[in-house]
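Colleague: I would like to go through some labels in this model. For each one, tell me what it rests on.

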Amino acid sequence: MESAISANTQHSRQNGFRRFLHKLNEQKYLQAMAIPGVIWMIIFNYIPMYGIIIAFKEYDITLGFNKSPWVGLANFKEFFSDERFWLIIKNTVGISFFKLLVGFPLPILFAVLLNELVSVRFKRAVQTISYLPHFISWVVLGGILMNWLSETGLINIILTKIGILKQPIAFLAEPKYFWGIAVISEVWKELGWNAIIYLAAIAGIDPELYEAATVDGAGRFTKMFKITIPCISGTIAIMFILAVSGLMNSNFDQIFVLRNPLNADASDVIDIYVYRMGIEAFRFSYATAIGLFKSVIALILLLTANAVTKKLTDKSLF
(Lines give C-alpha, C1' and ligand atoms only; values in the text may rest on other atoms or scores of the structure.)
Protein backbone atom coordinates (compact mmCIF):
# COMPACT_ATOMS: atom_id res chain seq x y z
CA MET A 1 0.00 0.00 0.00
CA GLU A 2 2.74 2.44 1.01
CA SER A 3 4.74 1.60 -2.13
CA ALA A 4 1.67 2.32 -4.29
CA ILE A 5 1.15 5.70 -2.61
CA SER A 6 4.84 6.52 -3.01
CA ALA A 7 4.70 5.56 -6.71
CA ASN A 8 1.59 7.72 -7.27
CA THR A 9 3.25 10.66 -5.51
CA GLN A 10 6.38 10.34 -7.61
CA HIS A 11 4.29 10.00 -10.79
CA SER A 12 2.29 13.17 -9.96
CA ARG A 13 5.51 15.07 -9.29
CA GLN A 14 6.92 13.99 -12.65
CA ASN A 15 3.72 15.08 -14.40
CA GLY A 16 3.82 18.40 -12.60
CA PHE A 17 7.43 18.94 -13.67
CA ARG A 18 6.55 18.06 -17.28
CA ARG A 19 3.65 20.52 -17.23
CA PHE A 20 6.00 23.18 -15.85
CA LEU A 21 8.52 22.56 -18.65
CA HIS A 22 5.74 22.61 -21.25
CA LYS A 23 4.39 25.91 -19.93
CA LEU A 24 7.92 27.33 -19.79
CA ASN A 25 8.43 26.36 -23.43
CA GLU A 26 5.15 28.01 -24.41
CA GLN A 27 6.20 31.24 -22.68
CA LYS A 28 9.85 31.15 -23.78
CA TYR A 29 9.70 34.56 -25.47
CA LEU A 30 8.06 36.18 -22.45
CA GLN A 31 10.60 34.50 -20.18
CA ALA A 32 13.42 35.78 -22.40
CA MET A 33 12.07 39.33 -22.01
CA ALA A 34 12.25 38.94 -18.24
CA ILE A 35 15.90 37.84 -18.24
CA PRO A 36 17.41 41.40 -18.39
CA GLY A 37 15.28 42.40 -15.38
CA VAL A 38 16.39 39.33 -13.45
CA ILE A 39 20.04 40.03 -14.25
CA TRP A 40 19.60 43.66 -13.17
CA MET A 41 18.09 42.55 -9.84
CA ILE A 42 20.90 40.07 -9.22
CA ILE A 43 23.60 42.66 -9.91
CA PHE A 44 22.08 45.63 -8.08
CA ASN A 45 19.89 43.99 -5.41
CA TYR A 46 21.33 40.61 -4.45
CA ILE A 47 25.10 40.89 -4.93
CA PRO A 48 25.30 44.12 -2.83
CA MET A 49 23.64 42.24 0.04
CA TYR A 50 27.05 40.74 0.76
CA GLY A 51 28.01 44.15 2.13
CA ILE A 52 25.58 43.66 5.03
CA ILE A 53 28.36 41.80 6.87
CA ILE A 54 30.03 45.13 7.68
CA ALA A 55 27.17 45.76 10.13
CA PHE A 56 28.91 43.16 12.32
CA LYS A 57 32.40 44.53 11.70
CA GLU A 58 34.40 47.68 12.29
CA TYR A 59 34.77 48.37 8.60
CA ASP A 60 38.09 49.76 7.42
CA ILE A 61 38.07 50.83 3.79
CA THR A 62 41.77 49.96 3.46
CA LEU A 63 41.20 46.38 4.69
CA GLY A 64 37.99 45.65 2.80
CA PHE A 65 34.94 43.59 3.77
CA ASN A 66 36.70 40.34 4.59
CA LYS A 67 39.70 41.58 6.56
CA SER A 68 37.95 44.19 8.69
CA PRO A 69 37.71 43.05 12.35
CA TRP A 70 34.52 41.48 13.68
CA VAL A 71 32.71 43.35 16.47
CA GLY A 72 29.53 41.27 16.61
CA LEU A 73 26.50 43.23 17.80
CA ALA A 74 28.50 46.20 19.08
CA ASN A 75 27.12 48.58 16.42
CA PHE A 76 23.54 47.60 17.23
CA LYS A 77 24.11 48.02 20.96
CA GLU A 78 25.59 51.46 20.38
CA PHE A 79 22.55 52.53 18.39
CA PHE A 80 20.09 51.20 20.98
CA SER A 81 21.95 53.03 23.74
CA ASP A 82 22.24 56.28 21.79
CA GLU A 83 20.62 59.19 23.63
CA ARG A 84 18.66 60.14 20.48
CA PHE A 85 17.43 56.58 19.77
CA TRP A 86 13.90 57.02 21.07
CA LEU A 87 13.60 60.48 19.54
CA ILE A 88 14.59 59.09 16.14
CA ILE A 89 12.15 56.17 16.44
CA LYS A 90 9.36 58.50 17.57
CA ASN A 91 9.91 60.88 14.65
CA THR A 92 10.19 58.04 12.11
CA VAL A 93 7.11 56.14 13.26
CA GLY A 94 5.13 59.31 14.02
CA ILE A 95 5.58 60.95 10.63
CA SER A 96 5.02 57.67 8.76
CA PHE A 97 1.95 56.80 10.84
CA PHE A 98 0.22 60.10 10.12
CA LYS A 99 1.16 59.81 6.44
CA LEU A 100 -0.51 56.38 6.46
CA LEU A 101 -3.51 57.61 8.43
CA VAL A 102 -4.16 60.56 6.10
CA GLY A 103 -2.41 59.59 2.89
CA PHE A 104 -3.75 56.05 2.50
CA PRO A 105 -7.54 56.59 2.44
CA LEU A 106 -7.50 59.88 0.53
CA PRO A 107 -6.33 58.45 -2.84
CA ILE A 108 -9.06 55.78 -2.56
CA LEU A 109 -11.71 58.42 -1.89
CA PHE A 110 -10.31 60.64 -4.65
CA ALA A 111 -10.35 57.78 -7.18
CA VAL A 112 -13.92 56.78 -6.28
CA LEU A 113 -15.18 60.37 -6.53
CA LEU A 114 -13.25 60.97 -9.74
CA ASN A 115 -14.89 57.90 -11.23
CA GLU A 116 -18.31 59.45 -10.56
CA LEU A 117 -17.62 62.56 -12.68
CA VAL A 118 -19.85 62.68 -15.72
CA SER A 119 -17.86 65.16 -17.81
CA VAL A 120 -14.91 63.34 -19.41
CA ARG A 121 -13.13 66.62 -20.18
CA PHE A 122 -13.40 67.86 -16.60
CA LYS A 123 -12.34 64.43 -15.30
CA ARG A 124 -9.18 64.49 -17.42
CA ALA A 125 -8.40 68.05 -16.32
CA VAL A 126 -8.69 67.08 -12.63
CA GLN A 127 -6.53 64.01 -13.18
CA THR A 128 -3.82 66.01 -14.95
CA ILE A 129 -3.75 68.72 -12.28
CA SER A 130 -3.60 66.16 -9.47
CA TYR A 131 -0.77 64.21 -11.16
CA LEU A 132 1.48 67.21 -11.83
CA PRO A 133 3.04 67.63 -8.34
CA HIS A 134 4.33 64.03 -8.47
CA PHE A 135 6.66 64.93 -11.35
CA ILE A 136 8.25 67.81 -9.41
CA SER A 137 11.33 66.63 -7.53
CA TRP A 138 11.54 67.26 -3.80
CA VAL A 139 14.57 69.48 -4.41
CA VAL A 140 12.42 71.88 -6.44
CA LEU A 141 9.28 71.40 -4.38
CA GLY A 142 11.22 71.82 -1.15
CA GLY A 143 12.49 75.20 -2.34
CA ILE A 144 8.93 76.23 -3.19
CA LEU A 145 7.67 75.12 0.23
CA MET A 146 10.47 76.93 2.05
CA ASN A 147 9.49 80.08 0.18
CA TRP A 148 5.77 79.65 0.88
CA LEU A 149 6.33 78.83 4.57
CA SER A 150 8.75 81.67 5.32
CA GLU A 151 7.63 84.67 7.39
CA THR A 152 7.07 86.67 4.20
CA GLY A 153 5.74 83.70 2.23
CA LEU A 154 2.38 82.99 0.64
CA ILE A 155 0.97 80.96 3.57
CA ASN A 156 1.66 83.69 6.11
CA ILE A 157 0.24 86.36 3.81
CA ILE A 158 -3.02 84.42 3.36
CA LEU A 159 -3.38 83.51 7.06
CA THR A 160 -2.72 87.06 8.24
CA LYS A 161 -5.07 88.54 5.64
CA ILE A 162 -8.00 86.36 6.74
CA GLY A 163 -7.23 86.96 10.41
CA ILE A 164 -6.11 83.47 11.49
CA LEU A 165 -2.63 84.79 12.40
CA LYS A 166 -1.84 88.11 13.99
CA GLN A 167 1.87 87.86 13.20
CA PRO A 168 3.76 85.78 10.62
CA ILE A 169 5.32 82.50 11.74
CA ALA A 170 8.51 80.89 10.47
CA PHE A 171 6.88 77.44 10.14
CA LEU A 172 10.03 75.49 9.29
CA ALA A 173 11.83 76.99 12.28
CA GLU A 174 9.26 75.50 14.70
CA PRO A 175 9.58 71.75 15.43
CA LYS A 176 5.89 71.52 16.40
CA TYR A 177 4.81 72.28 12.84
CA PHE A 178 7.21 69.93 11.05
CA TRP A 179 5.16 66.72 11.21
CA GLY A 180 2.10 68.49 9.84
CA ILE A 181 4.12 70.08 7.02
CA ALA A 182 5.65 66.72 6.11
CA VAL A 183 2.28 64.93 6.05
CA ILE A 184 0.34 67.63 4.16
CA SER A 185 3.05 68.22 1.55
CA GLU A 186 3.44 64.47 0.94
CA VAL A 187 -0.31 63.97 0.52
CA TRP A 188 -0.58 66.96 -1.81
CA LYS A 189 2.33 65.78 -3.95
CA GLU A 190 1.30 62.11 -4.27
CA LEU A 191 -2.51 62.16 -4.06
CA GLY A 192 -3.21 62.03 -7.79
CA TRP A 193 -0.41 59.59 -8.54
CA ASN A 194 -1.41 57.15 -5.79
CA ALA A 195 -4.99 57.20 -7.08
CA ILE A 196 -3.95 55.76 -10.46
CA ILE A 197 -3.87 52.14 -9.28
CA TYR A 198 -7.34 52.48 -7.76
CA LEU A 199 -8.70 54.07 -10.94
CA ALA A 200 -7.25 51.14 -12.89
CA ALA A 201 -8.95 48.69 -10.51
CA ILE A 202 -12.24 50.56 -10.84
CA ALA A 203 -11.96 50.43 -14.64
CA GLY A 204 -11.89 46.64 -14.41
CA ILE A 205 -15.27 46.40 -12.65
CA ASP A 206 -18.01 44.80 -14.78
CA PRO A 207 -20.36 47.62 -15.99
CA GLU A 208 -23.29 45.20 -15.77
CA LEU A 209 -23.09 45.42 -11.99
CA TYR A 210 -23.80 49.15 -12.14
CA GLU A 211 -26.57 48.61 -14.69
CA ALA A 212 -28.24 46.01 -12.49
CA ALA A 213 -27.95 48.33 -9.47
CA THR A 214 -29.51 51.17 -11.47
CA VAL A 215 -32.43 48.94 -12.41
CA ASP A 216 -32.90 48.13 -8.72
CA GLY A 217 -33.04 51.86 -7.97
CA ALA A 218 -29.63 52.28 -6.35
CA GLY A 219 -28.21 55.80 -6.22
CA ARG A 220 -24.61 56.89 -6.78
CA PHE A 221 -23.55 56.62 -3.15
CA THR A 222 -25.14 53.20 -2.85
CA LYS A 223 -23.21 52.04 -5.92
CA MET A 224 -19.99 53.46 -4.47
CA PHE A 225 -20.34 51.62 -1.16
CA LYS A 226 -21.99 48.44 -2.44
CA ILE A 227 -20.14 47.90 -5.74
CA THR A 228 -17.09 50.09 -6.30
CA ILE A 229 -15.35 49.79 -2.94
CA PRO A 230 -16.05 46.03 -2.44
CA CYS A 231 -14.81 45.29 -5.97
CA ILE A 232 -11.48 47.05 -5.35
CA SER A 233 -11.07 45.71 -1.81
CA GLY A 234 -8.35 43.30 -2.97
CA THR A 235 -6.28 46.17 -4.36
CA ILE A 236 -6.88 48.20 -1.19
CA ALA A 237 -5.73 45.28 0.99
CA ILE A 238 -2.50 44.78 -0.95
CA MET A 239 -1.69 48.51 -0.97
CA PHE A 240 -2.38 48.66 2.76
CA ILE A 241 0.04 45.80 3.45
CA LEU A 242 2.75 47.56 1.43
CA ALA A 243 2.02 50.88 3.16
CA VAL A 244 2.32 49.33 6.64
CA SER A 245 5.60 47.64 5.71
CA GLY A 246 6.94 51.09 4.79
CA LEU A 247 6.25 52.65 8.19
CA MET A 248 9.98 52.83 8.92
CA ASN A 249 10.53 54.92 5.77
CA SER A 250 9.88 58.63 6.14
CA ASN A 251 10.71 59.77 2.58
CA PHE A 252 14.38 60.74 2.85
CA ASP A 253 14.24 63.26 -0.02
CA GLN A 254 11.43 65.23 1.56
CA ILE A 255 12.85 65.28 5.10
CA PHE A 256 16.37 66.07 3.89
CA VAL A 257 15.17 69.11 1.95
CA LEU A 258 12.83 70.49 4.63
CA ARG A 259 14.90 69.85 7.76
CA ASN A 260 17.22 72.39 9.39
CA PRO A 261 18.97 72.73 12.78
CA LEU A 262 15.95 74.55 14.24
CA ASN A 263 13.49 71.70 13.59
CA ALA A 264 15.99 68.85 14.10
CA ASP A 265 14.13 67.50 17.15
CA ALA A 266 11.11 66.78 14.94
CA SER A 267 12.87 65.91 11.67
CA ASP A 268 15.65 63.60 12.81
CA VAL A 269 14.43 60.24 11.42
CA ILE A 270 16.26 56.95 10.81
CA ASP A 271 17.09 57.68 7.17
CA ILE A 272 18.57 61.07 8.05
CA TYR A 273 20.52 59.55 10.94
CA VAL A 274 21.92 56.84 8.64
CA TYR A 275 22.95 59.53 6.15
CA ARG A 276 24.70 61.57 8.84
CA MET A 277 26.52 58.57 10.28
CA GLY A 278 27.44 56.96 6.96
CA ILE A 279 28.10 59.84 4.58
CA GLU A 280 29.04 62.70 6.89
CA ALA A 281 30.80 60.80 9.69
CA PHE A 282 32.15 57.94 7.49
CA ARG A 283 30.91 55.36 10.04
CA PHE A 284 29.91 52.83 7.43
CA SER A 285 29.52 49.85 9.78
CA TYR A 286 27.35 51.79 12.21
CA ALA A 287 25.15 53.15 9.41
CA THR A 288 24.77 49.67 7.88
CA ALA A 289 23.75 48.23 11.26
CA ILE A 290 21.03 50.87 11.61
CA GLY A 291 19.83 50.23 8.07
CA LEU A 292 19.72 46.48 8.74
CA PHE A 293 17.72 47.08 11.92
CA LYS A 294 15.22 49.16 9.92
CA SER A 295 14.93 46.42 7.27
CA VAL A 296 14.24 43.73 9.89
CA ILE A 297 11.48 45.85 11.45
CA ALA A 298 10.02 46.48 7.98
CA LEU A 299 9.97 42.71 7.31
CA ILE A 300 8.19 42.08 10.63
CA LEU A 301 5.62 44.77 9.80
CA LEU A 302 5.08 43.25 6.34
CA LEU A 303 4.49 39.74 7.70
CA THR A 304 2.22 41.04 10.48
CA ALA A 305 0.15 43.23 8.15
CA ASN A 306 -0.14 40.37 5.66
CA ALA A 307 -1.30 37.92 8.35
CA VAL A 308 -3.83 40.34 9.87
CA THR A 309 -5.23 41.39 6.48
CA LYS A 310 -5.51 37.77 5.38
CA LYS A 311 -7.41 36.87 8.54
CA LEU A 312 -9.79 39.84 8.33
CA THR A 313 -10.40 40.04 4.58
CA ASP A 314 -9.07 36.73 3.21
CA LYS A 315 -6.84 38.78 0.88
CA SER A 316 -3.05 38.97 1.12
CA LEU A 317 0.22 39.21 -0.76
CA PHE A 318 1.15 35.58 -0.05
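Colleague: Which handedness does the crossing of H6 and H10 have?

Modeller: H6 passes H10 in a right-handed crossing. Keep in mind that the model is predicted.

Colleague: What makes H6 oblique to H10?

Modeller: The angle does. The two axes cross at roughly 50°. Roughly parallel needs under 35 degrees, and roughly perpendicular runs from 65 to 115, so the pair counts as oblique. The axes come within 9 Å.

Colleague: Which residues make that contact?

Modeller: From H6, Leu106, Pro107 and Phe110. From H10, Val187, Leu191, Gly192 and Asn194.

Colleague: Now H14 and H18. Why is H14 called roughly antiparallel to H18?

Modeller: Their axes cross at roughly 155°. Anything over 145 degrees counts as roughly antiparallel, so the label applies to H14 and H18. These axes come within 8 Å, and H14 passes H18 in a right-handed crossing. H14 contributes Ala237, Phe240, Ile241, Val244 and Ser245 to the contact. H18 contributes seven names to check on screen: Ala298, Leu301, Leu302, Ala305, Asn306, Thr309 and Thr313.

Colleague: How do you know that the span of H14 is close to the expected one?

Modeller: H14 covers residues 233-245, which is 13 residues. From first C-alpha to last it reaches 18 Å, and 18 Å is expected at 1.5 Å a residue.

Colleague: Which residues of H14 are buried, and what puts them on the same side?

Modeller: Ile236, Ala237, Ile241, Val244 and Ser245 are buried. They cover an arc of only 165° around the axis, which puts them on the same side of H14. An α-helix has 3.6 residues a turn, so residues three or four places apart point the same way.

Colleague: What do the buried residues of H14 pack against?

Modeller: Helices H5, H6, H11, H13 and H18.

Technical notes
Residues are numbered from 1 along each chain as its sequence is written. This is a predicted model: local features need pLDDT of at least 70, side-chain atom pairs count only at pLDDT 80 or more; totals for chains, interfaces and linings use all residues. Side-chain values use heavy atoms; hydrogens and water are left out. Helices (H or I, at least four residues) and strands (E, at least two) are DSSP runs, numbered from the N terminus. The expected span of a helix is 1.5 Å times one less than its number of residues. Buried means under 20% relative accessible area, exposed over 50%, partly exposed in between (1.4 Å probe, protein chains only). The arc is that of the directions from the helix axis to the C-beta atoms. Contact means heavy atoms within 4.5 Å. Axes are lines fitted to C-alpha atoms, for helices over the stretch in contact, and angles run from 0 to 180 degrees between N-to-C directions. A crossing is left-handed if the near helix is turned anticlockwise from the far one by less than a right angle, and right-handed if clockwise.
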